[in-house]
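I opened my notebook to follow a few helices, strands and rings through this structure. Here is what I looked up, entry by entry.

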2 protein chains.
Amino acid sequence: MSTEASGKGILLKADPIANAFRDEIKAALAERPRPPKLVGILATSAAPSKFYADFTQKQCDALGVEFVLKRTGAAADPSAGEGDGVEEAIIEANEDNSVDGIMVYYPIFGVQQDHYLQQVVSPLKDVEGLHFKFHYNLYHNIRFLDPTSLLSSVPPTSLPPPAVEDQPPAGTVKSILPCTPLAVVKCLEHIGVYNRILPYGDRAYGKTITVINRSEVVGRPLAALLANDGARVLSVDIDSIQEYTKRPVTEAERRFHPRHVVRPSSLSLQECLAISDVVVSAVPSAEYKVKTAWLKDGCVCINVAADKNFEADVREKASVYMPTIGRVTITMLLRNLLRLQQYGEVSKQTS
Amino acid sequence: MSTEASGKGILLKADPIANAFRDEIKAALAERPRPPKLVGILATSAAPSKFYADFTQKQCDALGVEFVLKRTGAAADPSAGEGDGVEEAIIEANEDNSVDGIMVYYPIFGVQQDHYLQQVVSPLKDVEGLHFKFHYNLYHNIRFLDPTSLLSSVPPTSLPPPAVEDQPPAGTVKSILPCTPLAVVKCLEHIGVYNRILPYGDRAYGKTITVINRSEVVGRPLAALLANDGARVLSVDIDSIQEYTKRPVTEAERRFHPRHVVRPSSLSLQECLAISDVVVSAVPSAEYKVKTAWLKDGCVCINVAADKNFEADVREKASVYMPTIGRVTITMLLRNLLRLQQYGEVSKQTS
């Protein structure tokens with residue numbers, strides 16, 4: 001951690017948070033009979049995807065995870081179309097028993113067709129946690145699962161009681177969470193926004209958190225995850241603001257407890273920021289900036305976008321500012337890989 | 001059919017096409033021990049959704065299908081949020097054994113979150129054919145399936161040979177196709193664009209078809225469906241034009257035959273229209289118009305959008321113009337309902 005004369009708040013890098021998990025991953029790897037194998041699928045000529053693929057390679061090499069990058073489409077042949085062959089590459093990796101995890105470098109075709117591809121990846125190999133089944137579990141606060149249930153296309157008919165402990169009950173494993181939202185939670189735990197004195201599953205109680213972006217990949221799962229952990233979340237999208245909370249007010253809301261409920265909010269963005277202990281921004285635009293003047297003094301600001309969504313003087317108001325969390329995200333991905341390798345073993349035993 | 005002095009081409013209404021299928025549905029219903037039950041879920045205050053729900057009710061009443069409309073969110077209570085409770089209503093209908101089919105009136109939250117909801121609907125009750133499993137089958141030209149395979153979240157590991165007959169082999173049933181793309185195919189069969197002299201599965205061979213729109217709900221499945229039936233399809237989106245065909249040229253493409261392949265196209269929209277025997281437009285905008293001047297003389301034009309995507313003088317060039325296919329679409333939905341009712345019986349027998 002470092003403080004600079006230019007600002008009051010701390011500029012927090014992702015490295016110390018990522019490193020703690022790297023040590024945990026290394027210890028777990030040492031106990032495995034073979035290193036897990038991750039396949040990356042690069043199907044476009046986009047520079048950020050190429051960069052992220054190289055970054056994955058380095059992280060895997062450093063930890064001793066086997067990484068194989070498959071290039072297809074414009075990534076393999078400049079005369080081929082962007083995304084050509086990507087679905088076939090995913091299916092091949094699904095069917096290859098030596099592969100434990102699959103990650104695909106998005107965006108490829110645009111949100112709709114990319115969403116289709118995310119369902120083609122077998123949930124048993126989905127290190128990114130983008131499969132519908134994982135989103136369904138997240139939205140319904142289902143934290144533990146029987147891994148063989150991932151083979152069923154039918155959602156669970158009855159919801160389990162809320163988790164009161166961090167450890168999965170016998171016969172179950174932890175559900176996979178999407179990497180980026182999970183990385184944000186891990187950062188907030190490190191920073192102390194999550195209060196360890198409170199019971200598991202409710203450690204963000206008392207905190208108000210604004211999440212700017214409501215995509216299915218980042219913003220909405222993050223809002224749900226934080227609300228399931230007890231926070232009052234203000235979810236800001238381009239055309240509406242909603243409140244996510246698991247503390248019901250009406251009788252109808254009480255029916256769905258302990259799942260979070262979502263209500264339209266009458267607050268403006270400025271009013272949201274004025275009361276928020278944490279602001280997470282994930283707007284895919286270099287032009288978009290959260291106004292420092294609108295922030296609550298002493299808040300925590302986390303930039304999840306590839307571009308900088310906060311103004312240069314953000315630390316004039318923020319007590320902690322994280323400009324990027326990418327290294328935590330990739331670490332969560334590798335943690336998911338280890339978990340899926342275990343799922344595979346459990347599934348093989350029972351099938 | 002009618003010709004008017006104002007235009008050369010025929011203005012073709014959806015009714016005669018829908019009526020032929022209505023008779024088929026009535027005959028099938030007469031043989032069922034009980035009428036199938038369809039649940040409609042209306043969660044917004046949008047007038048077109050309300051209109052479509054009323055339309056579904058009328059069609060079901062006329063045919064003897066049991067229809068129950070569930071209202072939630074802003075459709076039930078003007079003070080509630082748009083879409084409130086819709087996911088819970090879907091889950092309730094999934095779990096209700098008396099329900100054979102579920103249709104949800106979209107749009108609700110926007111394409112991404114709506115796509116999530118489409119996966120919440122059980123594939124065994126998905127009359128709209130929007131579940132990932134049905135899209136996967138469509139994109140891979142898998143026409144028949146063992147209905148119990150719908151219960152598995154894992155895509156089939158090996159692709160069956162291409163279908164050479166219209167009838168499913170023993171132990172299998174026809175896969176569900178999304179209603180709107182299927183309705184377009186039925187219209188093209190009626191008009192004679194599909195050539196009955198050609199073998200099943202290749203009856204659109206020789207035809208060039210432009211499809212304007214590449215959404216996951218209409219344009220992309222339609223392009224794939226037509227290409228799987230042998231057509232050369234030019235798929236036009238706001239920022240690119242692609243060609244869908246199942247006639248491979250390169251060695252790489254041959255690997256994926258008899259699935260269609262997709263290539264970037266260097267043609268402009270004007271060049272596409274100049275060579276197209278059929279133009280299907282599904283652009284959700286009242287401003288968007290296909291230029292009559294660009295059409296090939298004698299082509300077939302089908303408007304799938306709620307707004308009119310063709311100019312008023314379209315029949316100066318088109319030999320056949322269908323301004324709307326809504327009645328065929330709802331008929332396909334009810335046909336899917338009958339099929340799903342049968343799936344349910346097969347699944348109950350085997351589970």
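**Entry 1: a helix in chain B**

I began with helix α7 of chain B, where ten of the ten residues are buried, so α7(B) is largely enclosed by the rest of the structure. I noted for myself that I am reading a predicted model. The buried residues of α7(B) include G219(B), R220(B), P221(B) and L222(B), and N228(B) is also one of them. Then I looked at what follows α7(B): I found G230(B), whose phi is positive, near 105°.

I also wanted to know which unit α7(B) belongs to. Together with strands β8(B) and β9(B), the helix, residues 219-228, makes a right-handed β-α-β unit.

**Entry 2: strand β8 of chain B**

Next I turned to β8(B), residues 208-212. Is this strand buried or exposed? Five of its five residues are buried, so β8(B) is largely enclosed by the rest of the structure.

I checked which way the residues of β8(B) point. T208(B), T210(B) and I212(B) go one way, while I209(B) and V211(B) go the other. I jotted down the general rule beside this: in a regular strand, side chains alternate between the two faces of the sheet.

Which strands pair with β8(B)? One is β9(B), residues 232-236, which runs parallel to β8(B) and is joined to it by five bridges. There I found L234(B) as the bridge partner of T210(B). Another is β12(B), residues 278-281, which pairs with β8(B) in the parallel sense over four bridges. In β12(B), S281(B) stands opposite I212(B).

**Entry 3: strand β5 of chain B**

β5(B) pairs with β3(B), residues 37-42, in the parallel sense over four bridges. In that pairing, G101(B) is the bridge partner of L38(B).

**Entry 4: nonpolar cores**

V104(B) turned up again when I looked at the cores. The largest nonpolar core has 60 residues, and V104(B) is among those with the most contacts inside it, along with L188(A), L226(A) and I302(A). A second, separate core has 58 residues, including A14(B), L138(B), A204(B) and A223(B). My side note: in soluble globular proteins, nonpolar side chains tend to be buried together.

What does V104(B) touch, once its neighbours within four places in sequence are left aside? My list has I41(B), V86(B), I90(B), V121(B) and E128(B).

**Entry 5: aromatic rings**

How many aromatic pairs are there over all chains? The count comes to twelve. I picked F132(A) and Y116(B): their ring centres are 5.4 Å apart and their planes are at 50°, so the pair is tilted.

My next pick was Y52(B) with Y105(B), an edge-to-face pair with 5.8 Å centre to centre and 90° between the planes. Y52(B) lies in helix α2(B) and Y105(B) in the loop between β5 and α4 of chain B, so the pair ties together parts that are 53 residues apart in sequence. Y52(B) counts as partly exposed at 25% relative accessibility, whereas Y105(B) counts as buried at 2%.

I also found a cluster in which ring pairs link Y116(A), F132(B), Y136(B) and Y139(B). R220(B), from my first entry, shows up here: its charged end sits over the ring of Y116(A), 4.8 Å from the centre. The charged end of R220(B) also sits over the ring of Y139(B), 3.8 Å from the centre.

**Entry 6: a glycine in chain A**

Last, I looked up G201(A), in the loop between α6 and β8 of chain A. G201(A) is buried, with a relative accessible area of 8%. How far is G201(A) from N228(A) in sequence and in space? They are 27 residues apart in sequence and 7.0 Å apart in space, C-alpha to C-alpha. Leaving aside its neighbours within four places in sequence, G201(A) is in contact with residues including R143(A), N228(A) and K246(A).

Methods. Residues are numbered from 1 along each chain as its sequence is written. Chains are lettered from A and ligands numbered from 1 in the order in which they are written. This is a predicted model: local features need pLDDT of at least 70, side-chain atom pairs count only at pLDDT 80 or more; totals for chains, interfaces and linings use all residues. Side-chain values use heavy atoms; hydrogens and water are left out. Buried means under 20% relative accessible area, exposed over 50%, partly exposed in between (1.4 Å probe, protein chains only). Helices (H or I, at least four residues) and strands (E, at least two) are DSSP runs, numbered from the N terminus. Two strands pair if DSSP finds at least two bridges between them. A crossover is right-handed if, with the strands pointing away from the viewer, the path from the first strand over the helix to the second runs clockwise. A nonpolar core is a set of buried Ala, Val, Leu, Ile, Met, Phe, Trp, Tyr and Cys residues joined through side-chain atoms within 4.5 Å. Contact means heavy atoms within 4.5 Å. Rings of Phe, Tyr and Trp (its six-membered ring) pair if their centres lie within 6.5 Å; planes under 30 degrees apart count as stacked, over 60 as edge-to-face and the rest as tilted. A charge sits over a ring if NZ of Lys or CZ of Arg is within 6 Å of the ring centre and within 35 degrees of the ring normal.
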